[in-house]
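Please look through the model below before reading on. My notes are set out as numbered points.

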Amino acid sequence: MNYIIEETTKKLFEEVKKSKRENDSVSDDLMSALNCVFGQPLLSAFDLVDRNSVTKLTTPNRRELFKISGSSRKTYYCPSSLQFCPCPSFAFGVIKRGDLIMCKHILAVHLSIALQCCLEEKIAEKNFDAFLYEQ
C-alpha cells in the first residue's frame with residue numbers, strides 16, 4: 001500500500017474505534033467513508049465480524065497470527081503484520097489487478113480490532129508454524 005492509502009486506512013480504523021467507544025456504533029457518515037475506501041469487501045468483512053469469525057492466536061513467546069473463518073467455510077491464517085492473506089481475493093484483487101486495498105479477511109481483522117470484538121486464543125508454540133504451513 002502506498003503511504004497516503006495506508007495513512008487514510010489507519011485514520012479510518014481509529015475513527016471506527018473512537019465511534020464504537022463513544023457511541024457504541026459506527027455512524028452513517030463513517031460507514032460511507034469506509035465504503036468509499038474499501039468498496040465491495042466491506043459488507044463481507046462486516047459479516048465476518050458479526051459472526052465472530054476473527055480470532056487472534058498468540059503463543060507463549062508472543063508470536064501472533066489471525067485466524068479468519070471465511071464465509072465459504074474455509075479458514076485463513078494471516079500473519080500479524082496483515083500484509084498477506086492466502087485467499088484468492090488477495091491474490092487477484094490486491095496483488096494481480098490492484099483494484100482492492102485489502103481482502104475481506106484482512107479488513108475483518110482490522111474492523112474486529114477497532115470494534116474490540118476480536119476473539120483471542122492461546123496456542124502452543126509448536127502449533128504456530130503448523131497453522132502457517134496449513135495454507
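This is a predicted model: local features need pLDDT of at least 70, side-chain atom pairs count only at pLDDT 80 or more; totals for chains, interfaces and linings use all residues.

The points below cover a strand, its partners, a helix and the cysteines.

1. Strand β1. This strand spans residues 54–58. Five of its five residues are buried, so β1 is largely enclosed by the rest of the structure. In a regular strand, side chains alternate between the two faces of the sheet. Both faces of β1 are covered. V54, K56 and T58 are buried on one side. T55 and L57 are buried on the other. Note that a lysine, K56, is among the buried residues.

2. Antiparallel partner. β1 pairs with strand β2, residues 64–69. The two run antiparallel and are joined by five bridges. Within this pairing, L57 stands opposite L65 of β2. The hairpin of β1 and β2 has five residues between the strands. There, R62 takes a positive phi near 65 degrees. I would check this residue by eye.

3. Parallel partner. β1 also pairs with strand β4, residues 119–122. Here the strands run parallel, with four bridges between them. T55 stands opposite L119 of β4.

4. Helix α4. Which residues of α4 are buried? In this helix, residues 88–96, they are F90, G93 and V94. These residues lie on the same side of α4 because they cover an arc of only 105 degrees around the axis. The buried residues pack against α5, residues 104–114. On the other side of α4, P88, I95 and K96 are exposed. Just after the helix, G98 takes a positive phi of about 75 degrees.

5. Cysteines. How many disulfides does the structure hold? The count is zero. Two sulfur distances deserve a look. The sulfur of C85 has its closest cysteine sulfur in C78, at 3.6 Å, which is too far for a bond. For C103, the closest cysteine sulfur is that of C85, at 3.7 Å, again too far for a bond. The cut-off applied is 2.5 Å between sulfur atoms.

6. Cysteine burial. Are C85 and C103 buried or exposed? C85 has a relative accessible area of 1%, so C85 is buried. C103 has a relative accessible area of 0%, so C103 is buried too. The cut-off for buried is under 20%.

7. In short. β1 is paired with β2 in antiparallel fashion and with β4 in parallel. The cysteines form zero disulfides.

Key
Residues are numbered from 1 along each chain as its sequence is written. Side-chain values use heavy atoms; hydrogens and water are left out. Buried means under 20% relative accessible area, exposed over 50%, partly exposed in between (1.4 Å probe, protein chains only). The arc is that of the directions from the helix axis to the C-beta atoms. Contact means heavy atoms within 4.5 Å. Two strands pair if DSSP finds at least two bridges between them.
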